[in-house]
Amino acid sequence: MTTNPINTLIVLSVIITLFMLTTSRILVLVRSAAILGVLLGLFPFFIHHGAFSIHTIVLSSLGIIVKGVVIPMLLFRAIRSATNFRETRPHVGFSLSIVCGILITLISFGIGSKIPPSLFLPSETMISLSICITMCGLFLIMARSTALAQVIGYLVLENGIFTFGVSLPTTQSLLVELGILLDLLVGVFVMGIVIHQIHREFDSISTDALEALRE
Amino acid sequence: MTSLWWHALFPFVLAFAGAPLLLGIIVKTKAFFTGRVGAPLLQPYYDIVKNLSKTSIYSTTTSPIFKLGIVTVLAATCGLLVLLPVGKCGSLISFEGDIILFVMLLAIARFALVLVALDTGSAFEGLGASRELFFSALAEPIILLSLVALCKSGHIFSLSAVCGIHAPHPGGVSLLIGAALFVIVLVENSRIPIDDPTTHLELTMIHEVLILDCSGPDLGLLEYAASIKLWIFSVIVAQVLTPFHAASFLGDLAITLGGMVAVAVTIGIVESSMARLRLTAIPQLLLGAGALAIIALLLVNGAFA
Amino acid sequence: MNIVVVLLFSCGIFIVPSACALFFRATPKIAKNVGPVSTILGSILGIVVVVVALCNPALPRTFSIATALPLLDMCFNLDNLSIWFLLPLFWLSGSCTIYGMGYCNQLSSKRSVFHWLLWNGLVVSMVGILIAAHALVFLLAWELMAITSGLLIFAHHENQKTRFGAWVYLLSTHVSAIFVLILIVSLGNDAHSFFFSDMVGSPEKSSLLFMCALIGFGVKAGFFPFHVWIPKTYPAAPTHVTALMSGITIKMGLFGLLRFIPLCGVLPEWFGFALLCIGAVSTLYGILSASGQTNILKILAFSSVENIGIITLGLGLGYIGQWYGNVALATLGYCAALIHIVNHSCIKSLLFLAGGTIVSLYKTSNIEEMGGLFKRCGPLGWLFCCGALAIIGFPPLNGFISESILIFATYTGLFAHPDSVSLSSTLLLCIIAIASGVAALSFARAFGCIFLGEPRSAQCSQVKTVSLPLQSGMIVLALGCCLLVAIAPFSIGLLLRVVQDTMLWEMSPELVATKNSLQTFVTALSLGCAGFGVLFLAFFFVRKNAYRNKVTGQGLTWDCGYGTPTQRMQYTATSFSKEIILLGRHLLFLQVKKTPVSGHFPTQSSWHQKIPESLFSRVYTPLVKNSARMLSKLKWIQDGRMHMYILYIALTLVALFIWSFA
C-alpha cells in the first residue's frame, strides 16, 4: 500500500503542511515551504508512471527550482532585511491551529472521496491533498499577522492549486503552467515591493499596521 | 509454528524481572553523553530493594485513599502487563476489545496516583496532579487512535494487532504510529522534554512530585510500577517499529528485546540532547503527535490508496 | 394475567395512598410516611412485574380502557423498549425515595404530604410515558411529568434562585411540549389515528418532523443548544428530585427520540450526522464546562450534558448505520446509547445524592471552600468515589461497559462506507477519548477538593456524619452500579430485542453475528473488570506483606522547608483545571480578569475566571424577553370580563362550524 511512492509523497506533504501550522519561527516556515515545494514538484515524475515526456521533466524541474530554491532565497533575503521580526505572531494560537489543521485534513479527505475518481488521472487522493493544502494555505493567511507568514500562506495555497493541476489529465495541464506563473508573480510582487514598503512605512512587517490606512 | 499458552508467561515474568533495567540503560546512556561513568546498570534495582527494606512515614493529612491508591496503581499496571502481547509469545489474556481495557487501565493507574497525590493536601502535588491529568487528557486520544489504527490495519480489534503477526503493518503506518507513540512514551513515563525526572525543584516536576510524600515500600512499589510502565510502552513502540519476525518465539522475543533496548537508548539520547519544553509547548507537541496518529489512521483507512 | 394491569395496579399503589394521606391531618407522623412507603412498595412491585414480564414473554402485554372522550383511548403496551426504561425508573424511584425520607424530616407535615403526592405523580407519569401506546396518552403523561417535576422543584420557593430555576425549567419543558405536540398532531393527522402502531411519517414532511422531534425531545434530554436549563435547574431543586430528574426524567427525551424515530418514516440522511454533531459538541462542551465549575452541583449538571452527548453519539452512529444499511454499526450504536442510558441514570443519581449531601453538610456548594471530608465522613467518600469512577468510565464499574461499547461502535464505523462515516468515526474516537480524559480530570478535581487534603475553611472542619436513610439510598444506587457490570453480559439478548423491536428490523444473519460479537465483547469486559478486582486484592496483600513487622510513623506533609504551611495554601480547584480550560477557551467563551505577576518584587496578583453561560444570557434570555414584550400587546384579550370570554367561545364555535362545513 505504501510502497507506492505517490502515497509516501502525499503523506509527507500532509505532515509538512500541518507542521507549518504549528511552527512559530519564520525561518522554519520558509524551509518547510521549500520542502513542500520540492515534494510537490516530484509528483509529475511519478504520476505518469515513468513515461517521462520532455514536457513533464521541464515542468517538474521548473516547479522544484522555483519553489524549492528561488522563492525561499528571496524570502530569506527579506527576513535578513527585517531582522526584528522572526516570529509569525499568530492570530490563532498554535494549539488551535493544529486542531484546525486536523479538521481541515479530515474534511478535505471527506470531500475528496465524494468526487468521482474517473475525472482525475492518478487518484482521488490527489484531489483531497490539493484541497487540504489549499485550505491550510488559506488558514495560514488568516491566522498569521506578519506579512512574511502571509506570503508563505499564499505560497502554500498556490501549492494546493499546483497539486490540483497535476492531478488533472495532462491534456488540461495548462492550469499547471498557470500555477507556476502565479508562483513567479508571488515571488516578484511580494518580495520586491510589498514587504519592503511595509517595513519602511511602519517599521514592522505586521499587516495589522496596515489597518491604520483604512478610512 | 503454533504458540503455546506458556509462551506468554516468558515475557510476563521477564517484565517483572527486567523492567528496572530499562531505567538503568537510560541513565547509562545519559552518563555516556555527558562523559561520566554513571550509576551502575542495576542501580534502579538497588533503589527499589532499599526502599522496600525501609519503613514509611505517612502524613497526618492522608486518608485510606492514599494506601488504596497505591494498590490500585500496582494492580492496574499489572493488568496492563497481562494484556500486553509480545511477538509470537502473545499475551496472557487477549480478547476482542482488550485495547479499551488497556487504555482504561492506563487511565485508572494515573487517576489513582493523582488521588494519592491530592490526598496529601500539598500544593506542589496539586500542581503536579493537575499537569499529569492535563497532559494525559491530550495523550489518551493519541494512544487510542494509534492502537485503533494498528487494529484496523491488522483487521483484529485486539492488542495482539500491535505485534503485527497477523498482518504486518505497512511501513508508513509503522513509522507514523511509532513516532506518535514515542512521544507518548516520553509523556507517560515523564521523560525529558515533557518532564524532568532528575530535577530537584518541586515546581517543575510532574511524576516525581506526585510521589513526593510516599516513602519506604510504598515508594519502592510505585517506582517499580513506573518502571513496568516504561517497559510496557517500550515493548509497544519496539514492536510497532520492528516489522520482521523470527521463526521461533524465542527469536521473536529477542528481536523485541533488542528493539526495547534501542528505545531506551533513544530516550537517553533525547534526554541528553534536549532541554525540558516550555509548559505551553507541550500541548502543541501532543497535538502534533495526534495529527500523526490521525494521518496514520487515514492511511490505514485507505484514504491514500 | 395481563402484565400491564398489574403495572397499572402498582401505579395505583404509588398514587392512591399518598393522595389519601392528604386527609390524615390528625396524625402527621403517619401522613408523612405514607407517601414514601407507598413509593418504595410500588417500586418493588414494579420491578417484580417487569422481571416477570421478561421471564414470560407470552403474557399479554397490551391493555386498553375505553373512555367516553373521542380520540382518547387509554391504551397501553409494554414493549421491550418500555421495559428497558422501566427498570432504572423503578430502581431510582425506590432509592431516591429512601434518601428523600431523610430529607423530608425537615419539612412540615403538610408540605411533605404534598411533596410525596407530587413525587409519586412524577413517577407514575413517567410510567405512563413509557407504556403509552396511544399518542394522546403519551402527551398527557408528558404534560403531567412536566407539571409535577416543575412543582417539585418549587419546594423551597422562598429562595429566589429556586424560583428562577423552576421558572427556567417550566419554560423549557413547555417549549418541549409544544414541539412534541406539533410532532404528534402532524403524525396523527396523516395516519388518521393516534395509535403508535398506525403512525407512519410522510416523506415530504420529514424535515418538519425531524426538527420537531429534535427540539421537542432535545430540550427534555438537554443536549447542546438546549442544555441551558440543566445548570440552572439542578442546583435549585431538592437533592432527591434532582437525582431522579437527572437520572431518569431527562432520559424521557431520549426515550421519545427512540420511540418516534421509527414512526417518522424516512428521515433525511443528515439526521444521523446532525445527531453526531450535537453529541460531539455536547460531549466536549459539557465536560469542559464541568471541569471549570466550582459549584459541585453545576459540575454534576454539566457532566449530565456530557453524558447525554455521549448517548446522542450512540444514537447518531446507530441512525447512520441504519441509513446506510450497516447492521453492525446500527446495532452497536443503538446498544451503546441504550446501555449508557441505564448506566448513566444509576451513576448520576448516586452522584447527585452524594453532591446534595455534601452541600447540606458544608452549607455551601463551592468546592473551593471544602476539603478533607474523607476522614470525617468515610462512607460518603466511598460512595462519591464509586460514582466518580463509574462516570469517568473506569473499570470495574458500569460506565466502563457502555463507554467501551461506544468505542466498539466507533471502531466498526471506521470500516463503514461511505468515507464520510469512517472519517467522522475517526473524529469521534478523538472526541470520546478527550472527553474521557477531561472527565477524569474534572472528577479527580471534584473528589480531591471535597474529600482529600485538609478543610479549606473553618466551617467545614465541624462536619457531622450522614444519617442512615440518606446513606442507604446512595448505597442502593452504588450497588446498582456494581450490579450492572455483572448483569451486562446477560442483558445483551434483551438489548438486541429492544433495538430490533424499536427499529422494526427483521432478524438477519448479520444481526445474529453482531449479537454474538457483542456478547463475547461484553462478557470479556465484565470478566476483565472481575480480573482487575482480583489483581487489586492480590496487590493489597502484596503491599500488606511489604509492611509486615514494620512500624510506620506519622508526620506532616512535605512542606518544602516552609515553616508554617496553612490549609489555604492547598492547590485550588480553579488552578487545577486552569490549563485545560485555557486550551478550551474558544469553546467556552472564557472570561478572565487577571492582575499578572510583574516586577522583581511582585505585590498583588489575581486570577478570576468565569465560564459565562453565553447561550443562556445572549440568545435565550433576549428571545424570551422580546417575545414576552411582543406578546404582552395581546393582553387586551384577557380583560377580565365574563361577557367577553363567552363571546370568544361563541366566536370559536361559529368559526369551527364554518370550517367544518365549508
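Predicted model: local features only at pLDDT ≥ 70, side-chain atom pairs only at ≥ 80, totals over all residues.
**Stop 1: chain B as a whole**

Select chain B and colour it by secondary structure. Chain B has 10 helices and one strand. Going from the N terminus, the order of its elements is α-α-β-α-α-α-α-α-α-α-α. The radius of gyration of chain B is 19 Å, close to the 19 Å that the globule rule gives for 305 residues, so chain B is as compact as a globular protein of that length. Along the principal axes, the C-alpha atoms of chain B fill a box of roughly 60 × 45 × 40 Å.

How much of chain B counts as buried? The share is 66% of its 305 residues.

**Stop 2: Ile65 of chain B**

Select Ile65(B), which is found in helix H3 (residues 64-83) of chain B. Is Ile65(B) buried or exposed? Ile65(B) is buried, because 24 other C-beta atoms lie within 10 Å and the cut-off for a buried residue is 20 or more.

Ile65(B) and Ala117(B) are 52 residues apart along the chain, and their C-alpha atoms are separated by 9.9 Å. Then show what Ile65(B) touches, leaving out residues up to four places away in sequence: Leu115(B) and Asp119(B), together with Phe374(C) and Leu452(C).

**Stop 3: where chain C meets chain B**

Show chains B and C together. Here 60 residues of chain C are in contact with 59 residues of chain B. On the chain C side, the elements that give two or more residues include helix H16 (398-414), helix H17 (419-451), helix H19 (509-546) and strand E3 (553-555). Which element of chain C gives the most to this side? Select H17(C), which gives 14 residues. By class, the chain C side that touches chain B divides into 37 nonpolar, 18 polar and five charged residues.

Now zoom in on strand E1 (residues 57-59) of chain B. This strand pairs with E3(C) in the parallel sense, over three bridges.

**Stop 4: the largest nonpolar core**

The largest nonpolar core has 400 residues. Select the members that touch the most other members: Ala180(B), Ile184(B), Leu286(B), Ala293(B), Ala296(B), Leu350(C) and Ala444(C). Helix H13 (residues 327-362) of chain C gives the largest share of this core, with 22 residues.

Stay with Leu286(B) and display its contacts. Apart from neighbours within four places in sequence, Leu286(B) is in contact with Phe135(B), Leu138(B), Ala139(B), Ile142(B), Val183(B) and Val187(B).

**Stop 5: helix H1 of chain A**

Select residues 5-22 of chain A, which form helix H1. At 1.5 Å a residue, its 18 residues should span 26 Å, and this agrees with the 26 Å between its end C-alpha atoms. Colour the buried residues of H1(A), among them Ile6(A), Asn7(A), Leu9(A), Ile10(A), Ser13(A), Thr17(A) and Leu21(A). An α-helix has 3.6 residues a turn, so residues three or four places apart point the same way.

**Stop 6: where chain C meets chain A**

Finally, show chains A and C. Their contact takes eight residues from chain C and six residues from chain A. H17(C) gives the largest share of the chain C side, five residues. That side has four nonpolar, three polar and one charged residues.

Methods:
Residues numbered from 1 in each chain as written. Chains lettered and ligands numbered in written order. Helix = DSSP H or I, 4+ residues; strand = E, 2+ residues; numbered from the N terminus. Rg over C-alpha atoms; globule rule 2.2 N^0.38 Å. Buried ≥ 20, exposed ≤ 12 C-beta atoms within 10 Å, placed from the backbone. Expected span 1.5 Å × (residues − 1). Contact = placed C-beta atoms within 7 Å. Nonpolar A, V, L, I, M, F, W, Y, C, P; charged D, E, K, R; others polar. Pairing = 2+ DSSP bridges. Core = buried A, V, L, I, M, F, W, Y, C linked by C-beta atoms within 7 Å.
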